[in-house]
Amino acid sequence: MTTRATRAQRRRTAVALAVILMVLGAFVFRLVDIQVVHADDHVAEGVNTGNLGSTQVIAGARGDITDSDGTVLASSVLVYDAELSPRLIREFEEQTDEKKKPKLAWHEASERIADVVGIDVDDLRDKVSKRIEQDPNSQYLALATGLSTEQYLELRDLKTDDGLAYIAMKPRSVRVYPNGAVAGSALGFLDGSGKPLYGVELMDNACLSAKNGEMTYLRGQGGVKIPGSEQITPATDGGTVQLTINSDLNWYLQQMIAEEAKKQGAKAGSVTVVDVKTGKIRAMAEYPSLDPNDVNSVDDDYWRSQIFSYWFEPGSTFKPVTAASVINEGAATPLTSVTAPDHKKFPNGAVVNDPFKHPTYRYTFAGALIDSSNVSLSQFGTMISPEKRYDYLKKFGVAEKTAVGFPEELTGLIRDPKTWGPQDLYTTTFGQAFTVTPAQIAGAYQTLANGGEKLDLSLIESCTTSDGTVIKPDPPKSERVVTEETAKTVQRMLENVAVQGGLAKTIEVPGYRIGIKTGTAQTPDGKGGYKKGVYFTNMAGIAPIEDPQFVVLVTLDEPTRIRNSGATAAAFQKAMTQVLKTYRVAPSSQPMDELLPKFD
Amino acid sequence: MSVQTARVQPQPQPQRTEPRRQLTPVTAPAAKRRPRLAYAALAIGAAQMGISLATTQDAFVLADLNIQQHELGLQKQALHENLVGISSPQSLAVKADAMGLVVAGSASYLRLSDGKVLGTSEGGNWASTVDPNGATKVGNALLAPPPPTAAEKKAAEDAAAKRDEAAAGAVEPAGPPVITDGLPTPTTR
């Protein structure tokens with residue numbers, strides 16, 4: 001029963017409660033006002049004054065380039081740039097309170113730092129004291145750039161353990177090519193700011209380049225990160241590009257062609273290896289070879305790949321292409337013969353010479369290839385119309401860029417047959433009056449080796465993105481250029497060149513049947529004529545002939561010891577042997593067919 | 001009788017029948033009503049605090065592990081950098097050549113089914129088809145020795161200067177006298 005006493009007590013309680021509730025209500029109201037109603041304004045204000053949120057860029061790493069076996073040929077690493085703060089050094093030295101000084105005095109610390117970084121300690125002390133004299137409040141003195149992770153860790157230990165707070169280190173991403181010059185011209189290189197300039201680095205930049213991420217977080221007083229306030233957009237690393245190149249084979253061929261070029265006194269050389277059945281480029285070896293770690297070590301002329309960016313009139317190496325064109329049209333067979341002096345003047349006024357003096361022979365088509373007789377080829381070649389020959393040359397890849405899409409790749413040139421003069425009519429049968437790159441020659445021989453079916457050349461095996469998706473390029477386009485029978489006939493003629501030709505002993509690869517063709521091309525002297533006495537020599541070969549698997553093209557630019565394509569013989573033999581060994585190609589079990597007659 | 005006396009005399013109270021009270025002994029105390037709501041609220045509050053504690057504790061553990069991972073990553077990078085360059089084909093070939101290994105010519109193959117040897121019948125000889133230690137090494141800037149520091153350069157210069165001094169100051173040993181007039185003949189009487 002509520003007495004007056006209890007009523008009064010209750011009233012007091014109720015009043016007290018009401019006051020408390022009112023105060024609480026005021027707080028709640030204010031909180032709602034701040035956190036809900038005016039929330040955006042306050043956040044914006046905080047962000048504007050710069051103290052609230054902070055954004056950090058998370059750098060993504062550029063993708064690696066590997067060879068066909070997964071050996072890393074190019075990768076991105078972090079190096080560190082170290083700097084000192086002269087002002088802090090000065091302040092620490094002038095500091096009298098032992099507790100506020102670092103554990104090592106500058107004298108000893110400078111020795112340790114110079115030791116880690118690899119510079120002269122007196123030099124370092126000089127520089128620091130000079131800078132302190134110039135500007136006692138200077139906060140920046142560059143110490144060293146490009147420090148490795150090991151050096152970074154040692155300096156960091158000095159900084160944290162011994163209190164050397166005046167060392168600062170910034171990470172920087174650089175591109176490293178662990179295998180140096182091996183396949184250097186295929187890899188390409190970047191400029192100082194990380195932009196690709198050449199090679200696969202440029203060609204496949206879409207796969208290799210990374211996307212930077214972002215981390216935004218809110219900061220409280222003192223710059224402390226407020227937990228739970230982070231928002232991270234992760235960085236996407238670049239993908240890994242796998243090349244079709246075999247880096248060990250590439251190293252061997254680079255070493256070998258460098259030695260051969262030196263032996264023969266040549267300016268430059270190259271070896272290209274193409275897998276016949278797939279069109280994949282298995283090796284791109286060049287001399288002088290570009291080392292992407294040190295681009296300036298090579299002369300300006302040679303930082304571009306010779307295989308894709310050097311054109312020349314191929315010479316006799318294209319005689320088998322003429323043979324294939326003529327035989328495919330049914331105009332001749334390997335046994336068809338013509339009368340060939342060593343020097344012939346044709347009715348339209350053109351003059352053609354053979355590479356060596358000989359009495360008038362009746363060369364068969366096979367014999368014409370074996371002795372590389374220009375006069376015979378001129379007669380065989382003109383058994384079909386120039387338009388047909390032009391079409392075949394175009395189908396074999398002349399004046400068409402290869403499907404590789406290599407940067408700075410040259411197209412080569414061949415003029416419309418209607419504009420061919422009397423000399424061009426004949427010289428186009430033996431590889432002159434049009435220009436090709438070594439890659440195009442390799443492509444033409446791939447066609448002959450693959451039963452007449454041309455496959456696109458390719459350099460890229462796959463691109464694996466950072467989340468593991470493997471993207472393979474489209475399968476190579478194929479085009480039938482000549483019939484399989486024609487191809488087999490021309491292969492047999494090439495084998496006869498290898499066995500009956502003048503270089504037979506030098507190029508023999510024990511255990512295997514191979515087919516080759518040499519070429520000695522004249523190089524322009526820049527004044528409208530050709531250089532005298534020096535040539536661009538090349539040799540193309542296919543092995544094994546009974547089931548061709550590899551095409552090898554060796555070039556030597558202006559050899560001086562042996563001045564014709566004989567200079568490439570030893571290099572070719574070593575290259576072909578190594579290629580067949582690398583891929584464990586089964587030795588030839590079927591003996592060679594009957595030798596084709598050279599003369600009639 | 002006066003009204004006052006009437007008032008003094010107690011009025012007969014009306015008889016109120018009271019219900020008969022049942023007296024029963026108390027066997028057990030009446031169960032207190034549990035404040036279930038309070039308990040529930042307390043339990044929820046405690047659970048929340050516990051979870052929050054666990055989460056924040058894990059956050060510290062996570063931060064710790066992250067730091068460890070970062071450290072190990074740096075160490076792995078440092079070790080990896082030691083290997084870069086050394087595993088390149090050039091470096092391996094140079095070392096192999098120094099040990100006497102050669103790259104020979106064509107290989108022979110042994111067919112296991114019948115033991116027949118295919119390919120070239122000549123065995124490998126000791127002539128290498130390449131010379132990795134020769135003048136034309138395939139380059140690798142990562143293998144090049146670091147440029148000499150200023151101290152090393154100075155030491156090299158000093159050493160060279162000393163050698164020149166020694167060479168200049170060395171007294172040539174007296175050679176035999178130069179013969180211009182034929183061999184000396186003893187004069188005899």
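## Helix pair H4(A) and H6(A)

The axes of helix H4 (residues 106-117) and helix H6 (residues 149-161) of chain A come within 9 Å and cross at roughly 170°. Axes are lines fitted to C-alpha atoms, for helices over the stretch in contact, and angles run from 0 to 180 degrees between N-to-C directions. H4(A) is therefore roughly antiparallel to H6(A), a term for angles over 145 degrees, with under 35 counted as roughly parallel, 65 to 115 as roughly perpendicular and the rest as oblique. The crossing of H4(A) and H6(A) is left-handed, that is, the near helix is turned anticlockwise from the far one by less than a right angle.

H4(A) makes the contact through A:Arg112, A:Ile113, A:Val116 and A:Val117, and H6(A) through A:Gln151, A:Glu154, A:Leu155 and A:Leu158; two residues are in contact if their C-beta atoms, placed from the backbone, lie within 7 Å. These residues divide into five nonpolar, one polar and two charged. Ala, Val, Leu, Ile, Met, Phe, Trp, Tyr, Cys and Pro count as nonpolar, Asp, Glu, Lys and Arg as charged, and the others, Gly among them, as polar.

## Model and confidence

This is a predicted model, in which local features need pLDDT of at least 70 and side-chain atom pairs count only at pLDDT 80 or more, while totals for chains, interfaces and linings use all residues. Residues are numbered from 1 along each chain as its sequence is written, and chains are lettered from A and ligands numbered from 1 in the order in which they are written. Helices (H or I, at least four residues) and strands (E, at least two) are DSSP runs, numbered from the N terminus.

The predictor gives the complex an ipTM of 0.75 and a pTM of 0.80. Chain B has a mean pLDDT (the predictor's confidence in each residue, from 0 to 100) of 76, and 66% of its residues reach 70 or more. Within chain B, confidence is lowest in helix H1 (residues 3-8), at a mean of 60, and highest in helix H3 (residues 89-99), at 90. Where pLDDT is low, the predicted coordinates should not be read in detail.

## Strand pairings of S3(A)

Strand S3 (residues 72-84) of chain A pairs with strand S2 (residues 65-66) of chain A in the antiparallel sense over two bridges; two strands pair if DSSP finds at least two bridges between them. A:Val72 in S3(A) is the bridge partner of A:Thr66. Five residues lie between the strands of this hairpin, in which A:Gly70 takes a positive phi near 95°.

S3(A) also pairs with strand S5 (residues 167-176) of chain A, antiparallel over ten bridges, with A:Glu83 opposite A:Ala168. Four bridges join S3(A) to strand S4 (residues 141-147) of chain A, again antiparallel, and here A:Ala82 stands opposite A:Ala144.

## Five-stranded sheet of chain A

An open sheet of five strands in chain A has the order S10-S9-S23-S22-S21, with antiparallel pairing. Its edge strands, S10 (281-287) and S21 (515-524), each pair on one side only. Neighbouring strands of this sheet are turned by 10° against each other on average, direction ignored.

S21(A) and strand S22 (residues 530-543) of chain A are joined by nine bridges in the antiparallel sense, and A:Gly519 stands opposite A:Asn538 in S22(A). Helix H17 (residues 438-449) of chain A packs on the sheet, touching S9 (268-275), S22 and S23 (550-557) of chain A, and its direction makes about 150° with that of S23(A).

## Contact between the chains

In the complex, 36 residues of chain B are in contact with 39 residues of chain A. On the chain B side, the elements that give two or more residues are helix H2 (36-83), H3, strand S2 (116-119) and helix H4 (150-169) of chain B. H2(B) gives the most, with five residues. The side of chain B that touches chain A divides into 18 nonpolar, 15 polar and three charged residues.
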